[in-house]
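Visitor: I am new to this structure. Please take me in for a close look at a single part, and stay with that part and its surroundings.

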Amino acid sequence: MFTGKTEQLRSSLFSLRHSTYLCGNHQNQFMKVGDKHYHTIWMEGRVVYMIDQNLLPFEFHIKRCENYESTCEAIRRMTVRGAGAIGAAAGFAMAQALAGSTNPDIAREHIRATRPTARDLFYAVDRVYEAG
């Protein structure tokens, strides 16, 4: 997924990805729309996808964030909601920054500023930052 990045980064991303829907006694929580199941947020390659929470329940739309800045904007605009999902989005944003040519220290502070009271956000950003 990220050429030249450590195995620890891959492990951190795997852990973040699965922690968003392996919480408590509720395993593999999906949203079913039509005949298809969706996670609240996921990452494919370097792109983060999330269900736009601002449009529910009247409209269903998947937001595509191709870089850490657009993922930060989605967190700030509350496109993604819920502590676990916000944490996952932040971790994915940090991974996007590390995979790109962005200064990781600047990206880390930018991501942290999106929701300054979200503890899961800080945990995820720090975990991915330290792995990168």
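Guide: Tryptophan 42 stands opposite tyrosine 49 in strand 6. This is a predicted model: local features need pLDDT of at least 70, side-chain atom pairs count only at pLDDT 80 or more, and totals for chains, interfaces and linings use all residues. Residues are numbered from 1 along each chain as its sequence is written, and side-chain values use heavy atoms, with hydrogens and water left out.

Strand 5 covers residues 41-44, and strand 6 covers residues 47-51. Helices (H or I, at least four residues) and strands (E, at least two) are DSSP runs, numbered from the N terminus. Strands 5 and 6 pair in the antiparallel sense, over four bridges. Two strands pair if DSSP finds at least two bridges between them. The two strands form a hairpin with two residues between them. Glycine 45 sits in the turn, with a positive phi of about 65 degrees.

Now widen the view. Three strands make an open sheet, in the order 5-6-7, with antiparallel pairing. Strand 5 and strand 7 (62-65) are the edge strands, and each pairs on one side only. From one strand to the next, the twist averages 20 degrees. Strands of a sheet pair through backbone hydrogen bonds, either parallel or antiparallel.

Look next at the other pairing. Strand 6 and strand 7 run antiparallel and are joined by four bridges. Here valine 48 stands opposite cysteine 65 in strand 7.

Helices pack on this sheet too. Helix 2 (residues 68-76) touches strand 6 and strand 7. Contact means heavy atoms within 4.5 Å. The direction of helix 2 makes about 140 degrees with that of strand 7. Axes are lines fitted to C-alpha atoms, for helices over the stretch in contact, and angles run from 0 to 180 degrees between N-to-C directions. Helix 3 (residues 83-99) also packs on the sheet, touching strand 5, strand 6 and strand 7. The direction of helix 3 makes about 20 degrees with that of strand 5.

The protein chain has five helices and seven strands. From the N terminus on, the elements run α-β-β-β-β-β-β-β-α-α-α-α. Among contacts in the chain with a separation of 6 or more, 55% come from residues 24 or more positions apart.
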